[in-house]
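These are my notebook entries on one protein chain. I set down what I looked up and the criteria that I applied.

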Amino acid sequence: MQCNPDFSLSGDYKAVVVGGVGSIGSAIVRLFHALGADVVATGLNGGECANCGLGEDNRLRLRELDVTDDAAMTRFARQHEEVDALINCAGIQYRDQEYEVDVFKRVVDVNLVGTFRCCTAFRAALARRAGAIVNIASMNSYLGLPRLPAYCASKGGVVMLTKVLALAWAGDGIRVNAVAPGYIETAINEKARQDAAHYDRIAQRTAMKRWGLPDEIAGAVAFLCMPASRYATGTVLAIDGGFLAG
């Protein structure tokens, strides 16, 4: 039995995963690679790339990229003439520190402005293949956390940016969607998860009574890049174990 081509990423499929060395990013990279795509994944520096656990081969390459550096972003994008999918995963948060103006600005610059930089830098390459953008938003695009004002504000901005670009670039054949993860076990929240009471409280508040895993985000991202989702643009897909349902 042959696979339905609408659910495939094979056949010279080219994907760029910005922030692809992180927990969710690397899960996306592994899935896209397994599905037959040619993948370029980025990390902030050589150390992140070297320690991410992704092994390079002829279909997977690791590159350094600072999403707050306009010149670096332009140089990086120019290395890619045609792209089928751009996934924006680069993100940071500083729990209890984001009320400091400089920290707030840094988080917004990475999470929101960085996403905008990536999208605009790759617009031409995506248009050449009628490609897809998937931005990583958050459940906290909708639900505020008092200890993370910049993170929540930036992820809320990612949702609206996704909708705006979907409208603006539909004429180029570019689809722009987002995935909003809920509580996922990642490196960014590893310290907070050491608080057993906090961990259990979140799990019990979630309909599925557990935290999610990075692999459970990757599948949604892949679907939004496949021909099977060709009528989807401007949408935000919540993968949160039912947290937002009640």
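Which residues of the largest nonpolar core touch the most other members? I found Ile28, Phe32, Ile87, Val221 and Cys225, in a core of 34 residues. I take a nonpolar core to be a set of buried Ala, Val, Leu, Ile, Met, Phe, Trp, Tyr and Cys residues joined through side-chain atoms within 4.5 Å. Buried stands for under 20% relative accessible area, exposed for over 50%, and partly exposed for what lies in between (1.4 Å probe, protein chains only).

I note that the model is predicted: local features need pLDDT of at least 70 and side-chain atom pairs count only at pLDDT 80 or more, while totals for chains, interfaces and linings use all residues. Residues are numbered from 1 along each chain as its sequence is written, and side-chain values use heavy atoms, with hydrogens and water left out.

I looked up which elements build the largest core. At least two residues each come from strands E1 (14–18), E2 (38–43), E3 (60–64), E4 (85–88) and E5 (132–136), and from helices H1 (23–34) and H9 (215–225). Helices (H or I, at least four residues) and strands (E, at least two) are DSSP runs, numbered from the N terminus. H9 gives the most, seven residues. Another core, of 29 residues, lies apart from this one and includes Ala72, Met73, Val83 and Leu126.

I then checked isoleucine 87 for contacts (heavy atoms within 4.5 Å). Beyond its neighbours within four places in sequence, isoleucine 87 is in contact with Val16, Val17, Val18, Ile28, Phe32, Val134, Val221 and Cys225.

**Threonine 162**

Is threonine 162 buried or exposed? I record it as buried, with a relative accessible area of 0%. Threonine 162 belongs to helix H6 (residues 149–169). Its side chain makes a polar contact with the side chain of asparagine 135 at 3.0 Å. For such a contact I require a pair of N or O atoms within 3.5 Å; within protein, one must be able to donate a hydrogen and the other to accept it, and residues adjacent in sequence count only if both atoms are side-chain atoms.

**Backbone**

Most residues other than glycine have a negative phi. I noted a positive phi of about 60° at aspartate 12, in the segment before E1. Alanine 130 has a positive phi of about 50° and sits in the loop between helix H5 (123–127) and E5.

**Whole chain**

I counted nine helices and seven strands. Buried residues make up 50% of the 246 residues.
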